[in-house]
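Please read the following note beside the sequence and the model.

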Number of protein chains: 2
Amino acid sequence: MDVDSIDKRLLDDCHVLGTVPSGTLLLNRNASLHWFILVPQSKLFDVLDLPLNQAQLVFTDCAAISAYMKEELSYPKINFAGLGNQVPQMHLHIVGRHVGDVCWPDPIWGNIHHSSIYTNDKVRTLQEGLVKSVGLVVGAV
Amino acid sequence: MDVDSIDKRLLDDCHVLGTVPSGTLLLNRNASLHWFILVPQSKLFDVLDLPLNQAQLVFTDCAAISAYMKEELSYPKINFAGLGNQVPQMHLHIVGRHVGDVCWPDPIWGNIHHSSIYTNDKVRTLQEGLVKSVGLVVGAV
């Protein structure tokens with residue numbers, strides 16, 4: 001997927017990590033918690049409209065990202081959502097949550113009033129972990 | 001699925017519509033917009049932890065509910081999410097959205113400050129539609 005095909009608002013908010021089999025993987029710049037965003041390769045808007053074989057591919061990637069977050073980043077809980085009310089391009093939120101995090105137990109959208117950023121090293125470390133665990137291809141966007 | 005196995009907080013908030021192949025289908029009592037909640041038959045908490053074959057079944061049911069909402073209830077947009085920060089039992093939100101609805105473009109959680117209720121007839125009509133479109137089995141919970 002060409003990064004130019006991704007909505008500018010998502011690119012403004014996120015680091016581009018690379019590609020996974022079903023699309024492009026982004027990381028929200030707010031490092032208060034780990035908030036990944038998968039942009040599936042599709043011209044459809046809603047994830048539930050995907051044909052079953054593509055939905056399987058998307059689910060498999062999201063599940064692998066979730067497992068990585070639980071195993072390597074120690075999150076007990078993952079929030080998963082496809083909304084798209086603000087940015088219509090299909091994108092799926094995969095967000096690590098734990099009791100006492102910056103907006104627990106509220107959903108993240110509109111409720112994170114704390115901001116911290118990733119160092120370049122931190123982003124690279126996440127990419128390396130995802131290459132191993134999820135099959136991320138870095139720099140192929 | 002025995003309705004007794006469903007978290008009381010979900011039952012307090014929802015009408016029980018019946019069962020679909022992957023679990024029990026609920027309808028949030030707030031009729032400001034159509035907000036279905038699928039409770040998959042699973043002891044796991046996070047949808048992304050489901051084994052692939054069960055995830056397919058869940059996705060297929062959610063996609064059928066979404067298609068019903070788009071085709072029969074005229075929603076242009078469906079929000080889909082598995083959160084579970086407040087109620088840990090796995091449950092998936094499938095929510096009809098349109099520009100100008102009660103909390104557009106915000107996510108629904110915590111943002112609906114308007115309440116209206118379904119008549120019994122309205123609930124029955126939805127059940128009848130879902131029996132035809134989604135294979136809902138009424139009264140088997």
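1. Helices (H or I, at least four residues) and strands (E, at least two) are DSSP runs, numbered from the N terminus. Just after α2(B), B:Ser74 adopts a positive phi of about 65°. The model is predicted, with local features needing pLDDT of at least 70 and side-chain atom pairs pLDDT 80 or more, while totals for chains, interfaces and linings use all residues. Residues are numbered from 1 along each chain as its sequence is written, and chains are lettered from A and ligands numbered from 1 in the order in which they are written.

2. The helix α2(B) holds 21 residues and reaches 29 Å from its first C-alpha to its last, close to the expected 30 Å (1.5 Å times one less than the number of residues).

3. The axes of α2 (residues 52-72) and α3 (residues 120-134) of chain B come within 10 Å and cross at roughly 120° (axes are lines fitted to C-alpha atoms, for helices over the stretch in contact, and angles run from 0 to 180 degrees between N-to-C directions).

4. Between the chains, 27 residues of chain A are in contact with 27 residues of chain B. On the chain A side, α2(A) gives the largest share, eight residues.

How values were computed:
Two residues are in contact if their C-beta atoms, placed from the backbone, lie within 7 Å.
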